[in-house]
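Welcome, and thank you for taking a look at this one with me. Here are some notes to read alongside the model.

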Amino acid sequence: MDFTQIKETCLYVRDLDQTRHFYEGILGLKVISHQKQRHVFFRLGSSVLLCFNPEATRNETMLPPHFADGKQHIAFEVAPKDYEGVKKSIIDLGVTITHEQEWRPSVRSFYFEDPDGHVLEIVPAGMWD
């Protein structure tokens, strides 16, 4: 098998309108689909972030049922030269940075939470190279 990327990442959220406001209004992600009470989907480069209401997808009949509870984690990648600017923008938008980690010299990432408490991270491109 020759997989090329993870195309979709999924979070389960309580309030789709609040989720849309955070990811579109604060983080600036583009909405590509919003079905009231079921989901809101966002495009990030060539990937898609799927945010589902777990109560709607828990008993899915057309697709396999899926849901999750608790804190989930995803990371967004930025160019290394943009890392500090993105961090400043996140702070200026009123989002609290919960942790910053130095992984090795000159390679850091920072963490913050969305309205559901999911742990989001900003990482520089090349972090995993």
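This is a predicted model: local features need pLDDT of at least 70, side-chain atom pairs count only at pLDDT 80 or more; totals for chains, interfaces and linings use all residues.

1. Residues are numbered from 1 along each chain as its sequence is written, and side-chain values use heavy atoms, with hydrogens and water left out. Helices (H or I, at least four residues) and strands (E, at least two) are DSSP runs, numbered from the N terminus.

2. Now for the strands around that pair. Strand β7 (residues 107-113) and β8 run antiparallel and are joined by four bridges; two strands pair if DSSP finds at least two bridges between them. Y111 stands opposite E121 in β8. Five residues lie between β7 and β8 in their hairpin, and G117 in the turn has a positive phi of about 85°.

3. β8 also has a partner in strand β5 (residues 73-78), and these two pair in the parallel sense over six bridges. Here F76 stands opposite I122 in β8. Strand β8 (residues 119-124) is mostly covered, with five of its six residues buried; buried means under 20% relative accessible area, exposed over 50%, and partly exposed in between (1.4 Å probe, protein chains only).

4. Step back and you can see the whole sheet. It is open, has four strands in the order β5-β8-β7-β6, and its pairing is mixed. β5 and β6 (97-104) stand at the edges with a single partner strand each, so one side of each has no neighbour in the sheet. On average, neighbouring strands of this sheet are turned by 25° against each other, direction ignored. Axes are lines fitted to C-alpha atoms, for helices over the stretch in contact, and angles run from 0 to 180 degrees between N-to-C directions.

5. Helix α3 lies across β5, β6, β7 and β8, running at about 20° to β7; contact means heavy atoms within 4.5 Å. I91 lies in α3. Is I91 buried or partly exposed? With a relative accessibility of 44%, I91 counts as partly exposed.

6. Next, please look at β4. Five of the six residues of β4 are buried, so the strand is mostly covered. Strand β1 (residues 8-12) pairs with β4 in the parallel sense over five bridges, and T9 has L49 in β4 as its bridge partner. β3 pairs with β4 in the antiparallel sense over six bridges, with F42 opposite L49 in β4. β3 and β4 form a hairpin with two residues between them, and G45 in the turn has a positive phi of about 60°.

7. Helix α1 (residues 16-26) has L16, T19, F22 and Y23 as buried residues. They cover an arc of only 130° around the axis, which puts them on the same side of α1; the arc is that of the directions from the helix axis to the C-beta atoms. The exposed residues H21 and G25 are on the face of α1 turned away from its buried side. D15 caps the N-terminal end of α1, with a side-chain oxygen 3.0 Å from the backbone nitrogen of D17. Just after α1, G28 takes a positive phi of about 80°.

8. Which residues touch the most other members of the largest nonpolar core? In this core of 21 residues, they are Y23, F42, L49 and F112. The elements giving two or more residues to this core are α1, β3 (39-44), β4 (47-52), β5, α3 (83-92), β7 and β8. A nonpolar core is a set of buried Ala, Val, Leu, Ile, Met, Phe, Trp, Tyr and Cys residues joined through side-chain atoms within 4.5 Å. Not counting residues up to four places away in sequence, Y23 touches residues including L11, F42, L49, F76 and L120.

9. Finally, two loop residues deserve a glance. Q37, in the loop between β2 (30-35) and β3, has a positive phi of about 70° although it is not a glycine. At 57% relative accessibility, Q37 counts as exposed. S106 sits in the loop between β6 and β7, and its phi is near 70°, a positive value in a residue other than glycine. S106 is exposed, with a relative accessible area of 76%.

Key. A polar contact is a pair of N or O atoms within 3.5 Å; within protein, one must be able to donate a hydrogen and the other to accept it, and residues adjacent in sequence count only if both atoms are side-chain atoms.
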